[in-house]
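Please read them alongside the coordinates.

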Amino acid sequence: MTAGTIPTTEPKGGHQSTGELPQKIGQLSPSWIVFFVAMLAVTAVGFYAYLLQVNNGLIVTGLRGLGTMAGATWGLYVAYYVYFIGVSFAGITVAALIRIFRIEKLEPVARIGELLTVVSLILGALAIMADLEHPWRAIVNLFKYGRPQSPFFGTFTMVIAGYLFASLVYLYVTSRRDAALLAERDSRFKRLYRFLAAGYTDTRAQRRLDRRVTFWLAITILPLLVIAHSTVGFVFGLQAGRPGWFGALQAPGFVVLAGVSGIGNLIMLAAIVRSATRTKGRITIDAFSWLGKLLLGLLITYLYFTAVEILTITYQPGASELTLSEALLSGTYAWIFWGAIASLVIAAVLLIWQALTRRWSIGLVVATGVLVNIGAVAKRYLIVVPSQTHGQLLPYSTGTYTPNWVEWAIVFGLFALGALMIGVFMKIFPIVPLEETDTP
Amino acid sequence: MAKYAMAVDLGRCQGCRACMEACKIENNTPQGVFWMYVFRTETGEYPHTKLDFMPRPCQQCNNPPCVKVCPVGARFQREDGIVLTDYDRCIGCRYCEVACPYGVNYYNWRTPEEAFADYGTDYGDPQVAAVTGGLIPPYKNPDLARLQGKEQRLTAGSAHNVGVMEKCTFCVQRVDKGLEPACVDVCPVHALHFGDIEDENSPISQYINQRTGFKLLEELGTEPSVFYLNGTPPGPDTREIERPLTEVGS
């Protein structure tokens, strides 16, 4: 959907209209068009790769069977599915912090976070669909024969359906006021705003009602968030048949790393939005320092979990755990493992230094956001793949797995699709909530 | 109700892999797919090495992790203990494959046309046709396309359609007719035995009771229905002597 497809309304020259929409909404600058076309192209390449896969089977990917085929049957798609679901952590957490703990400084980035949640949940759902040969059969059969005993069932119902729906409702409820305010101005989106506002009138009583509704909504979604991210951890943590998966730490580890990658993504996106929509006055260093502190807390928790994990797999491992830990710490996967640890530790050091000196810099906080996401992607990959190729419980040969261009094309296509969704949203609706003083 | 089990006499197995061949013929499995597989392993350091053979069908667990994780109930266990896949219902998520510690699951990575095309035989060649008498290509076991058991589900192997999981079925199409699985039937040294384990007087019950043995990875609580007799389980040092079949299917 492009901005041009939305019907324009007749200019009425009403008494209260300013004509101008905030945050460069509706203005298609040359750089935005370049961004749009580039992302569209990458998405198209990903879609082409997906068609290739649908027509020929998953044989066109680098995935192969376990055991005698000595491959990995879950690869990049599952790793990125876990990653995307993790990124969705950001939105509702920030929303909850604002509503429950009244951290008003985060208010300007709240909608960015909520949008990030919705978009990343959609991308996670698409990533898992890319992993299936029969996505339509999957959707039909999950309705007809779904079994709650399977950890995957939680993924499809709780995460993708329940959590996504709740987040969409939250995004809408918190956006209605802005839609009502904008509907009073003459613009090409006037009719859309009026539709979205759905009879909203900006009164004091209504605002109080809004606050109460969003507070309870945040409280309701918060446990859903923990359950949803735990469910993804249970996909691996409940399986005794693979070395390195079985363990009580998997679910909480997934929740915390989800937070790390989600907040890191929010920081990056907030920095981009800030310069793209000319809202530097709104999204200030205060928001970034708050997000930085939140990220630091989660990151230190995750590093602690990682230390516990390393100690557990090296102190007195079983035979197959030993094979796996050798592959991770000094073998095939060592460069990914230590690369991930290095980026997470450097990010933590950068954040601690800023926290101690109490001098926060947006550039440095954004750098930590990038670093933790590199670390998170690598850690997701390391959870999914090495347990399949190394340390098999029967004397199968050691496996190998290298993702090929089809898988990378689909993954990059998903990222581009997400960027498109956010980019188009920014041109239609204020991504930074309007201020109280914006009341006409 | 019968409870089916298999006994593998490791003292008898000579690693000829006739069972693997019989399985492929009975179940028409594609290239690179071995519902029955025979490990040829080596333990120890040269020159003090020990060579072993270990047939590995599906262990037909009574607490099967694959059945537990299946999100749509395509993988299920019948009353007689056989664990089967409903090929019409499987969505191809491959969770059963990662959950199974035995590595018995095979996913159909390719379309059947491609999966069977690689055998490399030109069936049109007059010399080949003279031998096959027009029976190939391809020989198809008609029983595989039929619905099986009282559940009447497509579980016997079907057409090996792309994007669904499959594995050893204990030759359900033969068992339902009162026959033994193809691997058991063909074994030249009677290393494989099959029958009703609930009946104490059945030949397989007596065969197992008279010998010592183990079940594979029993410590994981999977309760396998395959008994290994007259041998030792593979240790941490045991390794396959053949290169993996990675190039197959690529």
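1. Gln23(A) sits in the segment before helix H1 (30-56) of chain A; helices (H or I, at least four residues) and strands (E, at least two) are DSSP runs, numbered from the N terminus. Its phi is near 55°, a positive value in a residue other than glycine. Gln23(A) is partly exposed, with 19 other C-beta atoms within 10 Å. On this scale a residue is buried if 20 or more other C-beta atoms lie within 10 Å of its own, exposed if 12 or fewer, and partly exposed in between, with C-beta atoms placed from the backbone.

2. On the source: this is a predicted model, in which local features need pLDDT of at least 70, side-chain atom pairs count only at pLDDT 80 or more, and totals for chains, interfaces and linings use all residues. Residues are numbered from 1 along each chain as its sequence is written, while chains are lettered from A and ligands numbered from 1 in the order in which they are written.

3. A positive phi also occurs at Cys171(B), near 50°, again in a residue other than glycine. Cys171(B) belongs to the loop between strand S7 (165-166) and helix H6 (172-175) of chain B. Cys171(B) is buried, with 29 other C-beta atoms within 10 Å.

4. The peptide bond joining Tyr46(B) and Pro47(B) is cis, with omega about 5°. Pro47(B) lies in the loop between S2 and strand S3 (50-56) of chain B.

5. Helix H9 (residues 204-237) of chain A has 34 residues and spans 49 Å from first C-alpha to last, close to the 50 Å expected at 1.5 Å a residue (1.5 Å times one less than the number of residues). H9(A) has a kink of about 25°, centred on Thr231(A); the bend at a residue is the angle between axes fitted to the seven residues ending there and the seven starting there.

6. Ala347(A), in helix H13 (residues 334-357) of chain A, is buried, with 27 other C-beta atoms within 10 Å. Leaving aside neighbours within four places in sequence, Ala347(A) is in contact (C-beta atoms, placed from the backbone, within 7 Å) with Leu299(A), Thr368(A), Leu371(A) and Val372(A). The C-alpha atoms of Ala347(A) and Ala367(A), 20 residues apart along the chain, are separated by 7.7 Å.

7. At the interface, 45 residues of chain B are in contact with 41 residues of chain A. The largest share of the chain B side, four residues, comes from H3(B).

Note on methods. Contact = placed C-beta atoms within 7 Å.
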